[in-house]
Amino acid sequence: MKGKKTQEKRNVKSLKTMLTGICVLLGVVICLAIGITGIIALKSISNNAYDKYETAKDEGYRAEIKSQVQSVLAILQAEYDKVQSGALTEEEAKAEAAEIVRSMRYRDDQSGYFWIDNTDDYTLVMHPILTDQEGVNRYDLEDQNGVMILQEIIKVCQSAEGGGYNEFYFTKADGVTVAPKVAYSGYFEPWGWAVSTGNYVDDMDAEMASVKQDIT
């Protein structure tokens with residue numbers, strides 16, 4: 001009888017140990033499940049945050065270059081007003097305006113610049129980097145995908161909106177790297193000038209990739 005009770009106690013103890021082990025195992029599984037779910041949720045939140053950032057940043061890039069072109073158009077108007085008042089001849093005002101715009105830069109690293117094309121004869125009026133091409137007819141300027149760059153720029157400038165966006169491949173300031181570019185062009189009708197500026201897509205992607213790394 002005594003041996004039977006001892007065995008029963010052992011069985012109860014063994015059962016308790018097994019149940020305790022099962023509870024501990026369940027706790028670990030639940031904790032892991034909660035942790036994994038939390039990581040997935042956090043990852044989803046991070047990705048969603050980045051997607052929203054990417055969209056906002058892209059819109060910001062576009063808004064920036066449009067705003068910058070509009071500021072140049074205001075400067076051109078001020079120079080044109082000098083012609084109307086008799087303070088300058090038209091040629092003097094054009095030359096002065098071109099040099100003012102040539103020296104203008106924006107962004108923290110001063111990488112933002114402007115160029116001007118003549119919509120009447122497709123010649124390059126002013127470009128702070130491609131100075132050797134000023135006065136050259138660029139009607140046939142074409143990128144690697146067959147986009148007729150200047151023709152498309154002039155098309156948006158002479159639209160009802162008086163300006164718009166274009167995308168094309170162009171050589172960067174290093175004179176070697178060819179990259180996709182998003183440009184905005186605005187039309188200054190009194191002189192028939194198309195004023196443009198833009199962002200290189202690889203630069204935009206690099207900045208956004210850096211932010212994504214911080215977020216995720």
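Colleague: Where is the place of Tyr122 in the chain?
Modeller: This is a predicted model. In it, Tyr122 sits in the loop between β1 and β2.

Colleague: What is phi of Tyr122 near?
Modeller: Phi of Tyr122 is near 65 degrees. That is a positive value in a residue other than glycine.

Colleague: And is Tyr122 buried or exposed, or in between?
Modeller: Tyr122 is partly exposed, because its relative accessible area is 22% and buried means under 20%.

Colleague: Which other residue has a positive phi?
Modeller: Gln110 has one, with phi near 60 degrees. Gln110 is not glycine either. Its place is the loop between α2 (90–103) and β1. Gln110 is partly exposed, with a relative accessible area of 46%.

Colleague: Back to the loop between β1 and β2. Where is Thr119 found?
Modeller: Thr119 is found in that loop, between β1 (115–118) and β2 (124–126).

Colleague: Why does Thr119 count as buried?
Modeller: Thr119 counts as buried because its relative accessibility is 5%, and the cut-off is under 20%.

Colleague: What does Thr119 touch?
Modeller: Leaving out residues up to four places away in sequence, Thr119 touches Ile154, Gln158, Tyr187, Gly192, Trp193 and Ala194.

Colleague: Why do residues three or four places apart point the same way?
Modeller: An α-helix has 3.6 residues a turn, so residues three or four places apart point the same way.

Colleague: What covers the buried residues of α3?
Modeller: The cover includes strands β1, β3, β4 (178–188) and β5.

Colleague: Let's take a residue from β3. Where is Phe168?
Modeller: Phe168 is in strand β3, which runs over residues 163–171. Phe168 is buried, with a relative accessible area of 4%.

Colleague: Which residues does Phe168 touch?
Modeller: Not counting residues up to four places away in sequence, Phe168 touches Trp115, Asp143, Val147, Ile149, Ala179, Pro180, Lys181 and Ala183. One of them, Ile149, is among the buried residues of α3.

Colleague: And how far is Phe168 from Glu142?
Modeller: Their C-alpha atoms are separated by 8.8 Å. Along the chain, Phe168 and Glu142 are 26 residues apart.

Colleague: New topic. What volume does the largest pocket have?
Modeller: Its volume is about 440 Å³. The lining has 21 residues. Nearest the centre lie Arg107, Asp109, Ser111, Asn199 and Asp203.

Colleague: Which elements give two or more residues to that lining?
Modeller: They are α1 (2–85), β5 (193–200) and α4 (201–215).

Colleague: How does the lining divide into nonpolar, polar and charged?
Modeller: Six residues are nonpolar, six are polar and nine are charged.

Colleague: Zoom out. How many helices and strands are there?
Modeller: The chain has four helices and five strands. From the N terminus on, the order is α-α-β-β-α-β-β-β-α.

Colleague: What share of the chain is buried?
Modeller: Of the 216 residues, 31% count as buried. The accessible surface of the chain is about 13,000 Å². Carbon and sulfur atoms hold 56% of that surface.

Colleague: Last one. What share of contacts with a separation of 6 or more comes from residues 24 or more positions apart?
Modeller: Those residues account for 52% of such contacts in the chain.

Conventions: Residues are numbered from 1 along each chain as its sequence is written. This is a predicted model: local features need pLDDT of at least 70, side-chain atom pairs count only at pLDDT 80 or more; totals for chains, interfaces and linings use all residues. Side-chain values use heavy atoms; hydrogens and water are left out. On a 1 Å grid over the protein atoms alone, a cavity is a set of points where a 1.4 Å probe fits but cannot get out, and a pocket is an open set with protein on both sides within 12 Å along at least five of seven lines; lining residues have an atom within 4 Å of a point. Grid points are joined across faces, edges and corners, and a volume is the space filled by probe spheres set on the points. Ala, Val, Leu, Ile, Met, Phe, Trp, Tyr, Cys and Pro count as nonpolar, Asp, Glu, Lys and Arg as charged, and the others, Gly among them, as polar. Buried means under 20% relative accessible area, exposed over 50%, partly exposed in between (1.4 Å probe, protein chains only). Contact means heavy atoms within 4.5 Å. Accessible areas come from the Shrake-Rupley method with a 1.4 Å probe; for residues, only the protein chains shown count as cover.
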